[in-house]
Structure formats: structure tokens, C-alpha cells
Amino acid sequence: MLGCYDATFRDDFFRRTRRDPLTNCLVWLGGRTASQTPTVQTPGPRPSQRDGGRAPRPAHHVAWELAHGAPVPPYHVLRRRCGTRLCVEVTHFDPPAPLPERQRVIPARIPDAVRDAILAEPLTENVRVVAARHGVSKSFVALLRQRARQRARRQVQQLA
């Protein structure tokens with residue numbers, strides 16, 4: 001048994017691949033996300049945000065775990081040298097590299113004072129400027145504003 005995977009899972013995993021004779025890639029034939037990232041359902045408990053079940057995992061990460069017996073470290077990325085998006089051939093991967101700080105999504109609690117200050121900014125103020133002023137991402141500012149507009153709409157609907 002490698003990591004949390006047994007021989008049956010390993011056999012099932014590789015049954016969902018085929019070797020491309022031109023590129024020597026091990027092409028994934030199993031599930032994919034909307035953006036064509038190869039995914040596989042893994043055995044064992046992996047809490048999903050929606051239903052408490054198992055979440056699909058990136059197939060190339062599972063291939064790495066099968067080959068090395070350890071998962072890809074958190075905030076690291078596997079890059080394929082071959083450039084084939086569906087490739088799960090471990091020899092085609094560079095070793096896991098840390099993501100740059102700006103690309104890491106680290107769940108953090110933003111202080112309420114910062115949230116209130118962002119929401120107090122005029123909506124005409126540029127999102128990029130507001131984000132830089134408060135040290136948060138543009139997408140966070142946009143999300144806060146979107147939620148505030150939705151909340152305001154609901155309140156108006158309840159009053160009507």
C-alpha cells in the first residue's frame with residue numbers, strides 16, 4: 001500500500017490512462033473539470049465543501065502520490081514539462097515548486113475594521129486602488145461589494 005492507496009486503486013487509476021506513442025505521455029481518460037483538469041475520486045474520507053463526501057482530486061497529484069508515497073506539499077504546484085494538460089506521467093513533472101506568495105489562497109480572517117473600511121469607500125472608487133489601500137486582493141474587494149449590493153437588494157425586497 002502506497003500512502004492511503006491500495007493496489008486495487010492503483011490498478012483502477014492506471015486503467016483510466018493510455019500511452020501516447022508520439023509524446024510518450026500517459027494521457028488521462030477519466031474525469032475532468034470544466035477547465036479540462038484531470039480529476040479522480042479517491043478512496044477514504046476527503047470532506048467536500050458541498051455534501052460532506054469525497055472531493056475529486058487532481059489526477060496528476062494522485063499520480064505523484066502513487067509514485068512517491070507522499071502528497072504534493074501544500075501551496076506547491078506540479079508543472080508538466082511536456083505541456084500536455086491531460087498527462088499524468090510522473091517523469092514529465094518538475095519537482096513540486098512553491099507557489100509565489102501572491103498566488104496563494106490562504107484562508108484568513110480579515111478584521112471587521114478592515115471590512116467596514118472597505119465598505120465605507122465610495123463605490124465609484126477603483127477596486128484596485130481600494131485593494132491596495134487596505135492590503136487585500138482586488139477580488140476580495142469586488143466580492144465584498146457584490147455581497148453588500150445583494151444584501152441591500154434583499155432588504156429592499158423585504159420592505160416592498
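Phe9 and Phe13 are both buried. The model is predicted. Phe9 and Phe13 lie four residues apart in helix 1 (residues 7-15), so about one helical turn separates them. The relative accessibility of Phe13 is 0%, which places this residue in the buried class; Trp28, also at 0%, counts as buried.

Three aromatic pairs are found in total. Two of them are listed here.

| Pair | Centre to centre | Angle between planes | Class |
|---|---|---|---|
| Phe9 and Phe13 | 6.3 Å | 40 degrees | tilted |
| Phe13 and Trp28 | 4.9 Å | 35 degrees | tilted |

Through ring pairs, Phe9, Phe13, Phe14 and Trp28 are linked into a cluster.

Helix 4 (residues 127-134) and helix 5 (residues 138-159) have axes that come within 8 Å and cross at roughly 110 degrees. Helix 4 is therefore roughly perpendicular to helix 5. On the helix 4 side the contact involves Val127, Arg128, Val130 and Ala131, which meet Lys138, Val141, Ala142 and Arg145 of helix 5. Classed by residue type, this contact has five nonpolar, three charged and no polar residues.

Ser137 sits in the loop between helix 4 and helix 5. With 37% relative accessibility, Ser137 is classed as partly exposed. A polar atom of the Ser137 side chain lies 3.1 Å from the backbone nitrogen of Phe140. Between Ser137 and Val127 the C-alpha to C-alpha distance is 9.1 Å, at a sequence separation of 10 residues.

Technical notes: Residues are numbered from 1 along each chain as its sequence is written. This is a predicted model: local features need pLDDT of at least 70, side-chain atom pairs count only at pLDDT 80 or more; totals for chains, interfaces and linings use all residues. Side-chain values use heavy atoms; hydrogens and water are left out. Axes are lines fitted to C-alpha atoms, for helices over the stretch in contact, and angles run from 0 to 180 degrees between N-to-C directions. Helices (H or I, at least four residues) and strands (E, at least two) are DSSP runs, numbered from the N terminus. Angles under 35 degrees count as roughly parallel, over 145 as roughly antiparallel, 65 to 115 as roughly perpendicular and the rest as oblique. Contact means heavy atoms within 4.5 Å. Ala, Val, Leu, Ile, Met, Phe, Trp, Tyr, Cys and Pro count as nonpolar, Asp, Glu, Lys and Arg as charged, and the others, Gly among them, as polar. Buried means under 20% relative accessible area, exposed over 50%, partly exposed in between (1.4 Å probe, protein chains only). A polar contact is a pair of N or O atoms within 3.5 Å; within protein, one must be able to donate a hydrogen and the other to accept it, and residues adjacent in sequence count only if both atoms are side-chain atoms. Rings of Phe, Tyr and Trp (its six-membered ring) pair if their centres lie within 6.5 Å; planes under 30 degrees apart count as stacked, over 60 as edge-to-face and the rest as tilted.
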